[in-house]
Amino acid sequence: MPAPERIPPRPVRPEADHGGSPPAELLARGELTVRGRLGGASNTVLYCTVAEAGAEDGDGGREVPCVYKPVRGERPLWDFPDGCLARREVAAYEVSETLGWHLVPPTVLRDGPYGEGMCQLWIGPRPDGTEEPGEDGGPAAAELLALVEEGEPGPGWKSVVPVGVGGDRTALLVHADDPRLRRLAVLDAVINNADRKGGHLLTAPDGKLYGIDHGVTFHTDDKLRTLLWGWAGEPLPEEALEALRGLSAALADGGPLATRLAGLITSAELDALRKRTDTLIAAGRHPLPGGDWPAIPWPPV
């Protein structure tokens, strides 16, 4: 993808405002410019920049990279209504923020060059080559997932499932026993994520872990498919239970979060979200894989 002919924009961290608008506000109100299309995705994914006034003229306005997924570029799915994936991505961000874990990059619903769509802050190296020194981060699967061909995983790793690696050989898929991943496993259980692949794990330059691609979430049926089964059946940490209690309170009918989510998912899906949250609190444990739906996404990475 060719880089635009301009001075490279200054980097922005998801939690910092650098004297300008907070990232979510900038994503919602800034000028959105498409720079190119990202290949390999089942739906239309556009690499963009979003700029404050003055960014084009060098007057100090910020410009940040982002992903824009227009609704009109969503491929129909047999089990989700048409034209709903962008809203589900925004709903996942809202839930993550309420939990207080900030596991999803700032994400908004807005109009763009190809109509309404999801706009999310870009995490990791930029595909147009404009990143500044030290602006690294990016895919985290290589650090957090592994295959063990003999025996059990060592300390610091959790077993997931045996997988075929060619011929008659199998290996054990494992993931890191990492508190960041554990929080993400709880978030996925709450939002009923049907597609937590390794490629959906990203790190920011400061090492913070993010999860992306939350379009197939919030279904009323149990559709949890994830690589993060290593804690299945284990007691939830107290910090997770505390966060879930706060989410349950925020989901009360008529509250700000419930009102925002009502514009993003159906009333039945909102009720199912409340039920999943309260069930996790009552059980006090990470969920086990269900028997009516494949527990591992394919391909896993």
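A residue counts as buried when its relative accessible area is under 20%, as exposed when it is over 50%, and as partly exposed in between (1.4 Å probe, protein chains only). The structure is a predicted model, so local features need pLDDT of at least 70 and side-chain atom pairs count only at pLDDT 80 or more, while totals for chains, interfaces and linings use all residues. Residues are numbered from 1 along each chain as its sequence is written, and side-chain values use heavy atoms, with hydrogens and water left out.

Helices (H or I, at least four residues) and strands (E, at least two) are DSSP runs, numbered from the N terminus. The buried residues of H4 are Leu181, Arg182, Leu184, Ala185, Val186, Leu187, Asp188, Ala189, Val190 and Ile191. That makes ten of the 13 residues of H4, so the helix is largely enclosed by the rest of the structure. The expected span of a helix is 1.5 Å times one less than its number of residues. For H4 (residues 179-191) that should give 18 Å, and the end C-alpha atoms are 19 Å apart, which agrees.

Both ends of H4 have something to show. Just after H4 comes Asn192, which takes a positive phi of about 60 degrees.

Next come the sheets. Two strands pair if DSSP finds at least two bridges between them.

Strand S9 (residues 169-176) is mostly covered, with six of its eight residues buried. Its antiparallel pairing with S7 (residues 145-148) runs over four bridges, and Ala146 stands opposite Val174 of S9. With S8 (residues 157-166), S9 pairs over eight bridges, again antiparallel. Here Val161 has Leu173 as its bridge partner, and Pro162 stands opposite Leu172. S8 and S9 form a hairpin with two residues between them, and Gly167 in the turn has a positive phi of about 65 degrees.

A second open sheet also has three strands, in the order S6-S10-S11, and its pairing is antiparallel. Its edge strands, S6 (138-139) and S11 (209-211), each pair on one side only. S6 is joined to S10 (residues 201-203) by two bridges, and Gly138 has Thr203 in S10 as its bridge partner.

That leaves the cysteines. A disulfide is a pair of cysteine sulfur atoms within 2.5 Å, and the structure holds zero of them. Cys48 is in no disulfide, and the nearest cysteine sulfur, that of Cys66, is 5.0 Å away. The sulfur of Cys119 has its closest cysteine sulfur in Cys66 as well, at 3.7 Å, too far for a bond. Cys48 counts as buried because its relative accessibility is 0%, and Cys119 counts as buried at 0% too.
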